[in-house]
Amino acid sequence: VARRSTNQQLQRCAPERRYPALVAMLSNGAERLTDEVVDLFDRALAGSHSTAENDLDKYKLATGKAANEKAVFFSLLARVILDDEHIPDTEIRKTAFAHVPRDRMAAALLEAEKMARPLDDNYLDFLGNRYSHVREYAPHVVAALDLRANAAGTAVLRAVELLRQVNADRKRRVPDDAPLDFMAEKWRPYVVGSDGQISRRYWELCLLSALRDAL
């Protein structure tokens with residue numbers, strides 16, 4: 001009724017009819033806009049994941065030739081090391097350098113270290129490159145949504161409440177005891193460093209991805 005009525009028509013309505021109609025319209029509008037915000041958040045974050053996957057594919061394509069060269073070097077060196085029947089231990093290095101000269105091997109090692117990726121070889125490190133873009137909209141969404149959760153979602157909700165506080169305080173790090181129980185195992189090498197420190201970048205990206213799945 002309120003949506004179909006003009007301002008003048010609503011003003012002529014009795015208060016007991018006008019105000020319930022306006023409240024109903026606002027309640028319905030809040031629901032519709034919330035759905036739109038959640039849908040936009042879902043599509044934006046999905047786009048970042050998709051871009052990161054594409055970036056990984058491009059990286060593999062660009063480094064394919066160099067990776068194949070390293071595989072050939074490894075095959076040659078492995079054969080030398082494993083050939084204990086014909087090559088004594090004292091001759092391994094000499095024989096290896098005969099197959100692959102020292103300077104070429106050193107250059108290949110430096111290049112391989114730059115190319116080396118996590119053993120699971122997923123795209124999460126490339127998603128990390130999208131963090132500044134995600135930060136353009138995610139804090140607004142997290143602050144605006146009034147979230148509730150059942151038992152299965154309490155871990156995500158608790159972490160979201162911490163993220164809101166970190167954003168409000170303009171902190172660059174998350175506390176050392178930040179919740180991690182919402183985190184899928186594939187995220188752990190990125191979120192928790194070898195020194196035990198939590199990466200704000202990957203913790204937040206992991207949380208936002210979990211929030212998207214929960215929503």
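The paragraphs below walk through aromatic pairs, helix packing and a few individual residues in this predicted model.

Residues are numbered from 1 along each chain as its sequence is written, and side-chain values use heavy atoms, with hydrogens and water left out. Since this is a predicted model, local features need pLDDT of at least 70 and side-chain atom pairs count only at pLDDT 80 or more, whereas totals for chains, interfaces and linings use all residues.

A search of the whole structure gives 4 aromatic pairs, where rings of Phe, Tyr and Trp (its six-membered ring) pair if their centres lie within 6.5 Å, and planes under 30 degrees apart count as stacked, over 60 as edge-to-face and the rest as tilted. One of these joins tyrosine 59 and phenylalanine 126; the ring centres are 5.8 Å apart and the planes stand at 55 degrees, so this pair is tilted. The pair links distant parts of the chain, 67 residues apart, with tyrosine 59 in helix H2 (residues 15-82) and phenylalanine 126 in helix H5 (residues 124-128). Helices here (H or I, at least four residues) are DSSP runs, as are strands (E, at least two), and they are numbered from the N terminus. Tyrosine 59 is partly exposed at a relative accessible area of 24%, while phenylalanine 126 counts as buried at 13%; buried means under 20% relative accessible area, exposed over 50% and partly exposed in between, with a 1.4 Å probe and protein chains only.

Phenylalanine 182 and tryptophan 203 form an aromatic pair with an edge-to-face arrangement, 6.1 Å centre to centre and 75 degrees between the planes. Phenylalanine 182 belongs to the loop between helix H8 (154-168) and helix H9 (188-191), and tryptophan 203 to helix H10 (residues 200-214), so the pair ties together parts that are 21 residues apart in sequence. Phenylalanine 182 and tryptophan 203 are both buried. A ring also takes part in a charge contact: arginine 18 lies over the face of tyrosine 19, at 5.2 Å from the ring centre. The criterion for a charge over a ring is NZ of Lys or CZ of Arg within 6 Å of the ring centre and within 35 degrees of the ring normal.

Helix packing comes next. Two packed helices are described by the angle between their axes and the distance between the axes. For H2 and helix H3 (residues 92-99), the axes come within 10 Å and cross at roughly 155 degrees; axes are lines fitted to C-alpha atoms, for helices over the stretch in contact, with angles running from 0 to 180 degrees between N-to-C directions. H2 and H3 are therefore roughly antiparallel to each other, given that angles under 35 degrees count as roughly parallel, over 145 as roughly antiparallel, 65 to 115 as roughly perpendicular and the rest as oblique. The crossing of H2 and H3 is right-handed; a crossing is left-handed if the near helix is turned anticlockwise from the far one by less than a right angle, and right-handed if clockwise. Leu76, Leu77, Val80 and Ile81 of H2 make the contact with Ile92, Thr95, Ala96 and His99 of H3, contact meaning heavy atoms within 4.5 Å.

H2 also packs against H10, where the axes come within 10 Å and cross at roughly 130 degrees. That angle makes H2 oblique to H10, and the crossing is left-handed. On the H2 side, Phe41, Asp42, Leu45, Ala46 and His49 meet Leu208, Ser209, Leu211 and Arg212 in H10.

Serine 48, in helix H2, is buried with a relative accessible area of 1%. Leaving aside neighbours within four places in sequence, serine 48 is in contact with Leu127, Arg130, His133, Val134 and Tyr137. Leucine 145, in the loop between helix H7 (138-144) and H8, counts as buried at 10% relative accessibility. With neighbours within four places again set aside, leucine 145 is in contact with Thr34, Val37, Val38, Arg164 and Leu215. Tyrosine 190 in helix H9 is likewise buried, at 11% relative accessibility, and its C-alpha atom is separated by 7.8 Å from that of leucine 124, 66 residues apart along the chain.

Two loop residues are exposed. Alanine 116, in the loop between helix H4 (102-115) and H5, has a relative accessible area of 56% and is exposed. Arginine 170, in the loop between H8 and H9, is exposed with a relative accessible area of 75%. Most residues other than glycine have a negative phi. Arginine 170 has a positive phi of about 55 degrees although it is not a glycine.
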